[in-house]
Amino acid sequence: MFMLKPCLKEAQKRTKEKVVFKSDIYKVSDELKCLGKNKKYYIKTYGCQMNEHDSENIKAILEDMSFQEVDNMEDADLILLNTCAIRENAHNKVFGMIGRIKHMKETKPDLIVGLCGCMAQEEVVVEEILNKFRFLDIVFGTHNIYDLPNILKKSLDNKKIEVDVPSIEGDVIENIPVKRDSKYKAWVNIQFGCDKFCTYCIVPYTRGKQRSRKHEDILKEVEELVKAGYQEVTLLGQNVNAYGKDLSDNYGMADLLRDVALTGIKRVRFVTSHPWDFSDDMIDTISKYPNIMPYIHLPLQSGSDRILKLMGRRYTKEAYLELFNKLKSKIPNCAITTDIIVGFPGETEEDFKDTLDVVNKCEFDSAFTFIFSPREGTPASRMSDNVSLKEKEERLYKLNDLVNKYARIKNEAYQDKIVPVLLEGVSEKDANCLMGYTDTMKLVNVKCSKEYLGQIVNVKINDVKTWSMDGEIVL
Ligand code: SAH
Ligand code: SF4
Ligand code: F3S
């Protein structure tokens, strides 16, 4: 039987080969259009916004084949796990879930089970699946989502596990359908893959090389979203600031931000920004257009120059602080959040203190903090590491205490203020409340009627906590 298994060596490669733009590669034959008739699907998504958005594409593809979505895994005829490979615990969660599904399949032999996303792109993961979990029906990767109908058909015809995971640098595929989770805010891919190869990170191997979508295609998508009544778009990429650098049309992120703002969409967001590519033009554009939100996620990773160098991050503590201060001074009311890794191989107490020092200087609005997790195939996984897990955990707790302190202080500044909030859903904590985010990405719960759903309203903040606020609408 033919299998296309992922290959780490291939995934590490970067050649000069040109990116191909494919706009008519997604097709569903009449036969496949009925494949899912009377069948239900459940998809579980792990990982980042890019995976969330891929799942929105996958849902639309499955619905093109007549499958219907269900919220409960037990009710599904097809279960798909869209996975994340960024840290060991993401892996473990997925393998735990596969074990659970294996039991389900024993009583429900017709259950179709699939694995896709970043873990599927890992050679070691697919080997483990083939050794221990051959009950799976399909395994496909991040590069060939469009081919899901054919992959599924092959597996059903052959009654065998179908592995189809190309380890390629990747193309730009347009016109994949999408079933969006929200009616008010939308993810829009602007760039795929990553070429930064930070030494700890697996993304460049699971997502291929950095490649930008054409701005015409992005703007068309945003214009359609505006017409459909969307209030907010978030432009997605691993290094959105480097948008366009791989194209030869002299059109970069500052141009794209301007043109997206000019479509008239009420709110423009973007993630993730790498400090290396943040240009002055971008900063000027963000401060010029009121519908570009004053919120930037600017991963720090470490405050130690020595560790930043080992990580291959291409900036120093000094340069990070300089950029941070520039953003704060040029963009009024700008909130900045970050990502930090503790316990990188060989991180000393001194290095860690440098990280704490940056946190104290920046007083981030919030931060995602992680313990370094060695990923197969990355340079950092081969670096010698003499820091104990206990030590790393203590550093993480210490860092979290500091991060939480500043998050709380930043929130407290909102007490009694009136701020714009896009009400996007029912609050998880209280069914009588709607929830949404301020322009600066603060979570707010608002006691109000459901008729405000999907609107940007002025909210007076009555109470603040570390991770959320409560408020009421003022008209
Ligand atoms: N492209 C983004 C990051 C995407 S991954 C950037 O360059 O900033 C999201 C976060 O996961 C990273 O910012 C990093 O803090 C964390 N991360 C990535 N690899 C990791 C690893 N091996 N161990 C622990 N955390 C990791
Ligand atoms: Fe990973 Fe670095 Fe690329 Fe971000 S920039 S996705 S951390 S390699
Ligand atoms: Fe995870 Fe892949 Fe995103 S590894 S963080 S799902 S790009």
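**From a strand to the spaces between domains**

Modeller: Start with one pair of residues: L80 has G114 as its bridge partner in β5. This is a predicted model, so every value below is computed from predicted coordinates. Is β5 mostly covered or mostly open? Strand β5 covers residues 112-117, and six of its six residues are buried. A residue counts as buried when its relative accessible area is under 20%.

Now step back to the whole chain. The chain is divided into domain 1 (3-164), domain 2 (175-412) and domain 3 (418-473). Taken over C-alpha atoms, the centres of domain 1 and domain 3 are 36 Å apart.

The residues around ligand 3 are C48, N51, C84, A85, I86, C118, V203, R207 and Q238. Sorted by class, this shell has six nonpolar residues, two polar ones and one charged one.

Ligand 2 has a shell of its own. Its residues are C194, K196, F197, C198, Y200, C201, V203, P204, Q238, N239, H274 and R313. Here the division is seven nonpolar, three polar and two charged. V203 and Q238 are named both in the shell of ligand 3 and in the shell of ligand 2.

Next come the empty spaces. Rolling a probe the size of a water molecule over the atoms shows where empty space is left. How many cavities of 30 Å³ or more does the structure hold? There is one, and the volume of the largest cavity is about 40 Å³. Its lining has 13 residues, and those nearest the centre are A11, H143, I168, Y205 and G208. Helices α1 (8-12) and α7 (203-207) each give at least two residues to this lining. By class, the lining of the largest cavity has five nonpolar, four polar and four charged residues. Why is it placed between two domains? Domain 1 (3-164) and domain 2 (175-412) both contribute residues to its lining, so the largest cavity lies between them.

The second largest pocket also draws on both domains, with at least three lining residues from each of domain 1 (3-164) and domain 2 (175-412). It holds about 760 Å³ of space. There are 34 residues in its lining, and I173, E174, N175, I176 and F192 lie nearest the centre. The elements that each supply at least two lining residues are α3 (49-64), β9 (185-189), β10 (191-192) and α8 (215-227). The classes of this lining are ten nonpolar, eleven polar and 13 charged.

Helix α3, named above as a contributor to that pocket lining, also contains K59. K59 is called buried because its relative accessible area is 10%, and the limit for that word is under 20%. K59 and Y42 are 17 residues apart along the sequence, and their C-alpha atoms are 9.0 Å apart in space.

V271 and T272 are joined by a cis peptide bond, with omega at about -5°. T272 is in the loop between β13 (267-271) and α10 (280-288). N250 is not a glycine, yet its phi is positive, near 55°. It is found in the loop between β12 (232-236) and α9 (253-262). N250 is exposed, because its relative accessible area is 78%, and exposed means over 50%. M441 is another residue with a positive phi that is not a glycine, at about 75°. Its loop runs between β18 (433-438) and β19 (443-447). With a relative accessible area of 31%, M441 is therefore partly exposed.

Note on methods:
Residues are numbered from 1 along each chain as its sequence is written. Chains are lettered from A and ligands numbered from 1 in the order in which they are written. This is a predicted model: local features need pLDDT of at least 70, side-chain atom pairs count only at pLDDT 80 or more; totals for chains, interfaces and linings use all residues. Side-chain values use heavy atoms; hydrogens and water are left out. On a 1 Å grid over the protein atoms alone, a cavity is a set of points where a 1.4 Å probe fits but cannot get out, and a pocket is an open set with protein on both sides within 12 Å along at least five of seven lines; lining residues have an atom within 4 Å of a point. Grid points are joined across faces, edges and corners, and a volume is the space filled by probe spheres set on the points. Helices (H or I, at least four residues) and strands (E, at least two) are DSSP runs, numbered from the N terminus. Ala, Val, Leu, Ile, Met, Phe, Trp, Tyr, Cys and Pro count as nonpolar, Asp, Glu, Lys and Arg as charged, and the others, Gly among them, as polar. Domain bounds come from an automatic or database domain assignment. A residue is near a molecule or strand if one of its heavy atoms lies within 4 Å of it. Buried means under 20% relative accessible area, exposed over 50%, partly exposed in between (1.4 Å probe, protein chains only). Two strands pair if DSSP finds at least two bridges between them.
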